[in-house]
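I opened this model to jot down what I could look up in it. Here are my notes, in the order I made them.

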Amino acid sequence: MVTSIIYRNQGVAIFLLIKPSNIGFNSLFLYKVLTIRQGEAKERYEELALAYLQERFPTKPHLIESSIKVVTNTPVMIAVTSDIASNEADSKDNEYAVCCAIHSMWLAAQELDLGFVWRTRGVGLVHDQRLHDFIGAPEGKKTVGMIFLGYPDAKELEEAKPKKRTPFVEKTVWL
Ligand SMILES: Cc1cc2nc3c(=O)[nH]c(=O)nc-3n(C[C@H](O)[C@H](O)[C@H](O)COP(=O)(O)O)c2cc1C
């Protein structure tokens, strides 16, 4: 099933997520995703990230510098949220469904040669109240990921070592 569609608009990829089927809810549903591009909102996000880093790593200026560079160099960021339901099981299923949707975005990004990093920690700010406030503190929503999106540096890509992957047999338990 296709779960994500990408449109290109002025050189920026815009993702429309179609909700993967979730228990008891099979209709297609368009997620609202909040996209931050270069501009005033992006500058405010950079300020938040800097404040977070300065609080978290007061004695590590180099780490702060390299982390903030990641934010500055990323042209598009997408905050993805899931709905908090009236009970825990539904909220969890919503969150799992959103994770599937993000993964579909990831695969679609790869098709377009876009660099895609799902961040929750550090400058992803997903576990920080500041991000929730930044996106307007929507009630009944939980932020699941900040997606950092952009075209990778061609030279770095060429020089990157192939990734080591653990063989699936080492991650499989047969009962
Ligand atoms: C739920 C989740 C949260 C993640 N959070 C972070 C993060 O905060 N910072 C980070 O550098 N990578 C994080 N990652 C990993 C990156 O998204 C990505 O997998 C990694 O950079 C390798 O990407 P690549 O294989 O495309 O190079 C997270 C991945 C997942 C699935």
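I started with the order of elements, which from the N terminus on is β-β-β-α-α-β-α-β-α-β-α in the protein chain. That makes five helices and six strands. I took helices (H or I, at least four residues) and strands (E, at least two) as DSSP runs, numbered from the N terminus. My residue numbers start from 1 along each chain, as its sequence is written. The model is predicted, and local features need pLDDT of at least 70, side-chain atom pairs count only at pLDDT 80 or more, while totals for chains, interfaces and linings use all residues.

Then I looked at contacts (C-beta atoms, placed from the backbone, within 7 Å). Of those with a separation of 6 or more, 67% are between residues 24 or more positions apart.

**Helix H3.** I looked up residues 88-111 next: H3 has 24 residues and reaches 35 Å from its first C-alpha to its last, close to the 34 Å expected at 1.5 Å a residue. The expected span is 1.5 Å times one less than the number of residues. Its buried residues are Asn94, Ala97, Val98, Ala101, Ile102, Met105 and Ala109. Just after H3, I noted that Asp113 takes a positive phi of about 60°.

**The core.** Which residues touch the most other members of the largest nonpolar core? I listed Ala49, Met77, Val80, Ile102 and Ile147, out of 22 residues. Helix H1 (40-56), S4, H3 and strand S6 (141-150) each give two or more residues to this core, and H3 gives the most, with six. A nonpolar core here is a set of buried Ala, Val, Leu, Ile, Met, Phe, Trp, Tyr and Cys residues joined through C-beta atoms within 7 Å.

**Strands around S6.** I counted S6 as mostly covered, with seven of its ten residues buried. S4 is largely enclosed by the rest of the structure, because six of its eight residues are buried. S4 and S6 run antiparallel and are joined by eight bridges; strands pair if DSSP finds at least two bridges between them. Along this pair, Met77 stands opposite Phe148, and Asp83 has Lys141 as its bridge partner. Strand S5 (residues 115-119) also runs antiparallel to S6, with five bridges, and there Arg119 partners Met146.

**Ligand shell.** I found Val117, Trp118, Arg119, Thr120, Arg121, Gly122 and Gly124 around the ligand, each with its C-beta atom, placed from the backbone, within 6 Å of it.

**Loops.** Is Leu125 buried or exposed? Leu125 counts as buried, because 22 C-beta neighbours lie inside 10 Å. Leu125 sits in the loop between S5 and helix H4 (129-134) and has a positive phi of about 60°, although it is not a glycine. Ala137, in the loop between H4 and S6, also has a positive phi, of about 45°. Ala137 is exposed, because it has 10 other C-beta atoms within 10 Å. I noted for comparison that most residues other than glycine have a negative phi.

My last stop was Pro75, in the loop between helix H2 (61-73) and strand S4 (76-83). Its C-alpha atom is separated by 5.8 Å from that of Gly150, 75 residues apart along the chain.

Conventions. Two residues are in contact if their C-beta atoms, placed from the backbone, lie within 7 Å. A residue is buried if 20 or more other C-beta atoms lie within 10 Å of its own, exposed if 12 or fewer, and partly exposed in between; C-beta atoms are placed from the backbone.
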